[in-house]
Amino acid sequence: MTKDQAQIISVSASAGSGKTYNLAKRYIELIFADNQIKNIVAITFANKAALEMKSRVIEYLKKAALNVDTQKIFDSLDDKQNKSIMLLEKILNDYDDFNISTIDSFKNNLLKACAFNLNLSPEFTIENKYDEYLRFAVEAFVRKANKNAEAKKLLLDYLDQYTLFEKNSWFPKEDIFRETKGVFSKSSNYGKDIKITKEQGKDEPFSSASSFNLEFRKLSDSLHDLSLSLLDRIKELNLKVGDRFMKSLEKFIAETNKACHSFVFSAYFLKPELKGADGDDKIISLWASISEEIEALIDFNMSHYYSVYLRLYSFIIREFNLQTKKNELILLAEINRKTLLLFDTDKVQVPEVYYRLSERYKHFLLDEFQDTNSAQWIGIRRFLEESIPNGGSLFYVGDVKQAIYDFRGGDPRIFLNIKNEFSQYKYEERVLIENYRSHKAIVDFNNFVFSKSN
């Protein structure tokens with residue numbers, strides 16, 4: 001790349017604005033510059049999107065080779081016909097080097113190359129469905145409770161809590177499975193293992209629901225009183241903190257008045273300061289106290305209510321891991337966590353990965369980047385930290401308005417923060433403003449909804 005070219009290019013692309021066209025155009029520009037395909041990686045989220053992008057690249061090269069209309073793709077490129085013929089032959093002869101794939105496929109290749117570093121079989125296979133293996137692990141845990149003292153105590157602790165608080169059914173194996181599956185899913189989405197601290201491992205369940213609620217009540221009463229004081233102070237000073245916050249505060253006060261082990265509260269109460277407090281010392285002090293009480297309440301719940309679930313999960317997941325390892329399997333849901341373990345614990349460095357892959361990536365194209373989660377990003381970022389200082393590039397496309405994978409850990413802030421993370425490199429921001437898919441009425445409606453004046 002030349003010195004005046006941006007190495008980091010962000011493309012904000014609403015639906016129907018030519019996202020795939022721009023990705024294919026960028027890919028063709030890169031292969032024309034380097035005359036090779038092996039060092040370019042394009043990553044999408046879905047197999048259909050990967051196939052579409054591959055098809056577009058081949059279609060445009062084919063049209064250029066035949067000297068027919070190519071929609072301005074090649075306007076800035078020289079000798080398009082001869083080069084397109086050469087690059088088409090290269091793609092067809094070395095199709096395995098045509099690195100346009102899903103994020104899961106990309107990470108699967110990394111795990112295959114570095115299986116030894118993670119104590120995995122190099123012959124592992126990817127399995128999509130994991131219910132069968134989780135059910136087997138739950139059954140194994142219940143059977144062990146007949147002979148194993150640790151498993152027996154854990155099961156009895158769980159049953160004590162189950163009869164005190166849950167009371168859904170009997171025998172509750174299905175509930176154990178459902179809870180385990182829920183935690184496994186969350187752990188996989190965020191790429192994090194569930195770890196039990198020594199303190200949590202020692203916590204005993206309460207002997208009765210009333211004794212638990214009594215301790216919980218002491219904490220929630222304090223939080224309730226602080227919240228009331230905050231509401232009174234805001235009204236006294238007639239502060240403009242926003243109608244939505246006031247509704248959230250009133251709901252929060254009502255929730256803290258309930259005699260139950262948990263309640264729902266707005267994300268407002270996780271913020272370090274209250275917007276609109278106007279520097280009032282009393283409000284600042286109340287807000288700090290509320291934050292401390294919320295933390296204490298969460299710690300209490302984690303230690304005395306959720307502790308038994310965490311210990312149960314840890315035991316069952318050990319059985320689960322033994323089963324999958326025995327069968328040389330990696331669950332598709334585990335790929336994030338396994339890859340994160342590879343890079344986050346420095347089990348392998350990027351040059352070693354390149355050595356094992358027999359490839360060296362230089363340019364990265366990322367599709368639907370607003371749905372990337374932190375576990376996925378950590379692995380990709382390691383490659384970028386190695387490639388960009390050596391003349392590589394990043395071209396990422398997305399639309400934060402279309403971020404829909406929060407339930408899988410998707411974080412649109414990653415899309416927005418790239419400029420800051422690589423601030424030492426030349427950055428270019430592009431916005432695709434034309435819609436080629438929708439009728440005018442739909443476009444006008446969306447423009448109004450997301451306008452600054454609305």
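A charge sits over a ring if NZ of Lys or CZ of Arg is within 6 Å of the ring centre and within 35 degrees of the ring normal. The views below come from a predicted model, in which local features need pLDDT of at least 70 and side-chain atom pairs count only at pLDDT 80 or more, while totals for chains, interfaces and linings use all residues. Residues are numbered from 1 along each chain as its sequence is written, and side-chain values use heavy atoms, with hydrogens and water left out.

**View A. Charges over rings.** Arg318 lies over the face of Phe315, 4.7 Å from the ring centre. The charged end of Lys112 sits over the ring of Phe124, at 4.3 Å from its centre.

**View B. The ring pair of Tyr27 and Phe98.** Rings of Phe, Tyr and Trp (its six-membered ring) pair if their centres lie within 6.5 Å; planes under 30 degrees apart count as stacked, over 60 as edge-to-face and the rest as tilted. The structure holds 20 aromatic pairs. One of them joins Tyr27 and Phe98, edge-to-face, at 5.8 Å centre to centre with 65° between the planes.

**View C. The ring pair of Phe106 and Phe383.** The ring centres of Phe106 and Phe383 are 5.8 Å apart and the planes are at 65°, so this pair is edge-to-face. Phe106 is in helix H4 (residues 103-113) and Phe383 in helix H15 (residues 374-387), 277 residues apart. Both Phe106 and Phe383 are buried. Ring pairs link Phe106 and Phe383 with Tyr354, Tyr361 and Phe364 into a cluster.

View D. An open sheet is formed by 6 strands in the order E3-E2-E6-E7-E1-E8, with parallel pairing (two strands pair if DSSP finds at least two bridges between them). E3 and strand E8 (427-432) stand at the edges with a single partner strand each, so one side of each has no neighbour in the sheet. From one strand to the next the twist averages 15°. Strand E1 (residues 8-13) is joined to E8 by 6 bridges, and Ala13 stands opposite Leu432 in E8. Helix H16 (residues 412-421) lies across E1, strand E7 (393-398) and E8, running at about 150° to E7. Here contact means heavy atoms within 4.5 Å; axes are lines fitted to C-alpha atoms, for helices over the stretch in contact, and angles run from 0 to 180 degrees between N-to-C directions.

**View E. Salt bridges.** A salt bridge is a side-chain nitrogen of Lys or Arg within 4 Å of a carboxyl oxygen of Asp or Glu, and the count comes to 24 salt bridges. Glu59 and Lys63 meet in one of 3.3 Å, N to O; both lie in helix H2, 4 residues apart, about one turn of the helix. Glu59 is partly exposed at 33% relative accessibility, and Lys63 is partly exposed at 26%. Asp411 and Arg413 form a salt bridge of 2.9 Å, N to O. Asp411 is buried, with a relative accessible area of 18%, whereas Arg413 is exposed, with 56%. Lys19, Asp367 and Glu368 are linked in a network of salt bridges.

Key
Helices (H or I, at least four residues) and strands (E, at least two) are DSSP runs, numbered from the N terminus. Buried means under 20% relative accessible area, exposed over 50%, partly exposed in between (1.4 Å probe, protein chains only).
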